[in-house]
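Please walk through the strands and charged pairs of the structure shown here.

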Amino acid sequence: MTEIILDERAAGILAGVEQLLWIDGRATEASTGEWREVRNPARRGEIIGRVPAAGEEDVNRAVSAARRAFIEWRSVHFTDRARALLAIADDIEAEAEKFAQLTALDTGNALSSQARPEVKTLVSLFRYFAGVAGESKGVTLPAGDQQLQYTRREPLGVVACILPWNSPLMIAAFKVPAALAAGNTVILKAADDAPLTIQYLAQVCQRHVPAGVVNSLTGRGSVIGNALSTHPGVDKVSFTGSTEVGRGVAAQASERLAHLSLELGGKNPSIVFPDAVEDEGILDGLMLSSRFARQGQSCTAGSRLFLHEDIYDEMLDKLAARLGAMVVGDPLDEATDMGAVINQSQFDQINGFLEDGRNHPDLTTVLGGTAPTEGPLTEGFYHVPTIFGGARNDFRLAQEEIFGPVLVAIKWKDVDEVIQMANDSHYGLAAYVWTHDLDNALNTAHRIESGWVQVNQGGGQVVGQSYGGYKQSGMGREASLEGMLEGFTQIKQVNVKLRG
């Protein structure tokens, strides 16, 4: 067995460094007998745990367990399902700090700015879906005295939730409580690079739902992700991740006409009108929309910053000063604003974009531009906030999703022009508009081709609001009542001829 290196803080966070699969209500090793190491993004080479490397046999076991459990769970009164979700929320809240610290250790996200808010979102969404569990109901059609015609909203069955590494708990919160509230059973596929929080969430769920209702697997996506997408016993695949991988998942699931939802990448515009410079809170809002507190590793990051020419220089200077003051460091340190990116591959990918930016003749490096080359930040996969100025919308850095702490600033003059540039992307997930002119705010928000638009705020998803993308940013909606009904139920029409 590989030696597992744990410092004192990490040892306090992890009750045990080996986390098992959860299948049919039991913790179990993989049928393969193989394990995968979980590494610390903040300290290169440090192993913080290990998880089983599940194989196809484990997928078959989990699907069989979920299908058996579905028969009972779908028939449970919605108030009982609601009570289970509320109990899970209470347990998560009681252990919120453990979840938050484990998230920081597992993902590299800073404890204070990202990990704790993510746990709060998880609790809130379990409670929200407990509250709307009774809304999975049908309608009655007035068809005369000789006919009873009504619809039933029924659960889909077994739902495979394939999760990313950037915000695993928050994304699980978009999927799991909605699926359970509607009467489905679930199989979680934890991200290979950040599985620890998801396995602990599955462990907490076992306390309050029957065996097989919540199952959770760890291992390579190319093995168990593919097996879940193609398995005839999986009724729906709910995937969050890159557009490239999402296309593959969609192809596999659609081959057998399975239900499918995809939340994919984004290259999101943030449009600043001249009057917004007078807003004292705009810098805080732009910092939040940049998602630099998550190292830019967010599909909703406002990474294309469109600044009106009248305020371009002023806003760029102010924003650079504010972002440059962010504390980059150990995710478990309370003073840290921005932690580490997830792994070497992601670190190198961001470096490639930075090199392109530095070498582009039309771009200027306003802030950052290179990874740390000395000091304590070289111990982990750390990047620093970066802004490139002088960009055009057709530049590579303005078109491709970097998934790192990099903004490209683009000057604009005409509203029609900036909206055209904002929409000139195959992505369409999020957008941000900054102005106090109501006409500009609403007209721009309505014309932008994105599934989620924020005006004068950079905040994240609020429970109950539908969340999902246009174009190649995905299909389907989550985190809302509409998302639960459209994504996790199906309608059955029943017609009964009455004697008369």
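The turns below cover a sheet, a helix packed on it, and salt bridges.

Guide: This is a predicted model, in which local features need pLDDT of at least 70 and side-chain atom pairs count only at pLDDT 80 or more, while totals for chains, interfaces and linings use all residues. Residues are numbered from 1 along each chain as its sequence is written, and side-chain values use heavy atoms, with hydrogens and water left out.

Visitor: Which strands stand at the edges of the open sheet of seven strands?

Guide: Strands (E, at least two residues) and helices (H or I, at least four) are DSSP runs numbered from the N terminus, and two strands pair if DSSP finds at least two bridges between them. The sheet is mixed, with the order β14-β15-β16-β13-β12-β18-β19. A strand with a single partner has one side left without a neighbour in the sheet, so the edges are β14 (364-367) and β19 (452-455).

Visitor: What is the bridge partner of Thr364 in β15?

Guide: Strand β15 covers residues 386-391 and pairs with β14 in the antiparallel sense, over three bridges. In β15, Thr364 is bridged to Gly389.

Visitor: What angle does the direction of helix α10 make with that of β18?

Guide: Axes are lines fitted to C-alpha atoms, for helices over the stretch in contact, and angles run from 0 to 180 degrees between N-to-C directions. Contact means heavy atoms within 4.5 Å. Helix α10 (residues 282-290) packs on the sheet and touches β12, β13, β16 and β18. With β18 (430-434), its direction makes about 170 degrees.

Visitor: How many residues apart in sequence are the parts that Arg36 and Asp192 tie together?

Guide: A salt bridge is a side-chain nitrogen of Lys or Arg within 4 Å of a carboxyl oxygen of Asp or Glu. Arg36 and Asp192 form one, with their closest N and O atoms 2.8 Å apart. Arg36 lies in strand β3 (residues 35-39) and Asp192 in the loop between β8 and α7, so the parts tied together are apart in sequence by 156 residues.

Visitor: Which helix holds both Glu314 and Lys318?

Guide: The side chains of Glu314 and Lys318 meet in a salt bridge at 3.1 Å, N to O. Partly exposed means between buried (under 20% relative accessible area) and exposed (over 50%), with a 1.4 Å probe and protein chains only; Glu314 is partly exposed at 38%, and Lys318 is partly exposed at 36%. The two residues are four apart, about one turn of the helix, and both lie in α11.
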